[in-house]
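Trainee: Could you take me through one part of this model slowly? I would like a close look at a single chain.

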Amino acid sequence: MQQPWLNPPGTPPRRGVPDDFSPASATMPLRGATAALALVWLILLAGRSEAIVDAAYGLPVAPGTETLIAVAEGWNDALTAIGLPQVLSALREGLATGR
Amino acid sequence: MLFPTGIFALFFAAVFLGHWTLVRVRPSLDRAFLLAANLAFYAFWSVEFCAALIAVGLWTWGIGLLAARGRSRPALWIGVAGVLGWLFYFKYANFFLQEIVARLGFPAPILDVVLPVGISFYCFQAISYMVDVHAGDAEVEPSPLNVLVYLTFFPHLAAGPIVRAAHFLPQLAVPPDRFRIPVAMAGILILGGLFKKMVIANELATGIVDPVFRDPSAYGAWDIALACYGYTIQIFCDFSAYSDMAIGFAALLGFHFPKNFDQPFRAVSLSEFWRRWHISLSTWLRDYLYIRALGGNRRGEARTRFNLMATMVLGGIWHGANWTFLLWGAVHGAALAIERALVGRAEPRTKGAILLRWLVTFHVVMLAFVLFRAPDLGTVASLVAGLGDGLPSEAVTWRLAALAGLGLAIHFLPPDLRERIEDGLRPLPALALGAAMGLVLLAILLAGPEGVAPFIYFQF
């Protein structure tokens, strides 16, 4: 197979293909991959709630835009109520030290 | 559409779900879906050029049918010339008119030519497909859809890596395995790439490199020195980040791309550097230009040196119609020829010799990148003058110096670090892996400056 992770462990790399991607790469079935990526998405949505509100404000006026803005604001308000954006802002400021 | 943006995250989520759903329920529709996704990805830059991509793709497929397995060499020449002509028009028409036609005294209008994103990478793959099927190194593809999916596949469409037909087309022939998706490998590549791009490259660019190269006369010697070293680190962190992310996103869809960067700044010779830097382009130039077109090293030492110089100069000009790119290629070509004459393939044995050769190699690469980054030769002269004009250096900060040092230190990590991390992640259940990747992603976004600068190699 061209995909090294589909080959049995110990399979030498194909000739002429510069590659170190191990055939022993850990793989998971689609269900697990989808769950992992969905969680990445959820964390991204939580951590970037303020940016999502800004992005929603920048959407062109169209049917559904108002609803999207309301959802984004509601999501951000819910997270603000538990203090997440404030914590992340403080972290961002800390990480910007010396910039 | 840039990888490190919310819109791309949305796009990729839709493609991931659509692709794997079709692989499961209707594999025959998956390639059409992928082509639509590729064109949608490109349409964020230019809807008009989507039609051009399809036209050149169909041209490539047709020439492949005519020229396959040694048939019709004229068809191959016409096919390659057609693709090169398309590339040359966009990249060099104005340069040719202004620098050559106008200097000869003829009227030379300035054409309104906009360089399409990723055109070079697209053309290189098209040429490699035609040449390889003619030489029998790749199977001719009867389906135009497969050739179009191969050429336009969105992870590599904008800035590579250049993937050979013989490696990619067989992956389209059978549906990817939905029970074995290398999530950890892809996650490490994507997050590592994001770290290099968002944290190191973006901050070096905005903090020191861009301001100094815009107006060197306003900066002191240390500022200029850090900008020169910083750009060397920036271009690596920017370009290798794109390649790593492209490889990672392709892997999440079940496709494999070869590695494109292999810790290039640990090289102790120029020839080793080119085996580690932009591997897909350097092997493309080696196989199609240096060996097939110029004859490689089979025609004597003098001709070999000429071939090295010609390959590197053409590689330089490929980056754009500017004397600085030509000089960048010439410096590399000359350095490779000198290295070949002085040390050949001999490896340094003592620690002192290794260190000396590493220092020489790194600084030749760094000085050549100064030519590469400078918009014109006047800027290069200003940078050199600025090293001795005694102005105070106020742009240098410990943070920028540390980031440049970090970008260099990456090269001396164990080469199998990714596999080791992967081994550590192997026991984690999917949700724990997702949580770990999500938190690292968030940390990277918090650590980098706001906004995303385009990748350097988009312009080529």
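Mentor: Happy to! Let us begin with charge: chain B carries 34 positive and 29 negative side chains, and the centres of these two sets are 9 Å apart. Please keep in mind that you are looking at a predicted model. For chain B the average pLDDT is 90, and 100% of the residues score at least 70. The model itself has an ipTM of 0.86 and a pTM of 0.91.

Now to the fold. Chain B contains 19 helices and zero strands. Its radius of gyration is 23 Å, close to the 23 Å that the globule rule gives for 460 residues, so chain B is as compact as a globular protein of that length. If you follow the C-alpha trace along its principal axes, chain B spans about 70 × 60 × 50 Å.

Next, think about which parts of the sequence meet. Take the contacts in chain B with a separation of 6 or more: 77% of them join residues 24 or more positions apart.

In chain A, buried residues make up 35% of the 99 residues, and its accessible surface comes to about 5800 Å².

Definitions and conventions:
Residues are numbered from 1 along each chain as its sequence is written. Chains are lettered from A and ligands numbered from 1 in the order in which they are written. This is a predicted model: local features need pLDDT of at least 70, side-chain atom pairs count only at pLDDT 80 or more; totals for chains, interfaces and linings use all residues. Side-chain values use heavy atoms; hydrogens and water are left out. Helices (H or I, at least four residues) and strands (E, at least two) are DSSP runs, numbered from the N terminus. The radius of gyration is taken over C-alpha atoms; the globule rule is 2.2 Å times the number of residues to the power 0.38. Contact means heavy atoms within 4.5 Å. Lys and Arg count as positive and Asp and Glu as negative; His and the chain ends are not counted. The place of a charge is taken as NZ of Lys, CZ of Arg, CG of Asp or CD of Glu. pLDDT is the predictor's confidence in each residue, from 0 to 100. Buried means under 20% relative accessible area, exposed over 50%, partly exposed in between (1.4 Å probe, protein chains only). Accessible areas come from the Shrake-Rupley method with a 1.4 Å probe; for residues, only the protein chains shown count as cover.
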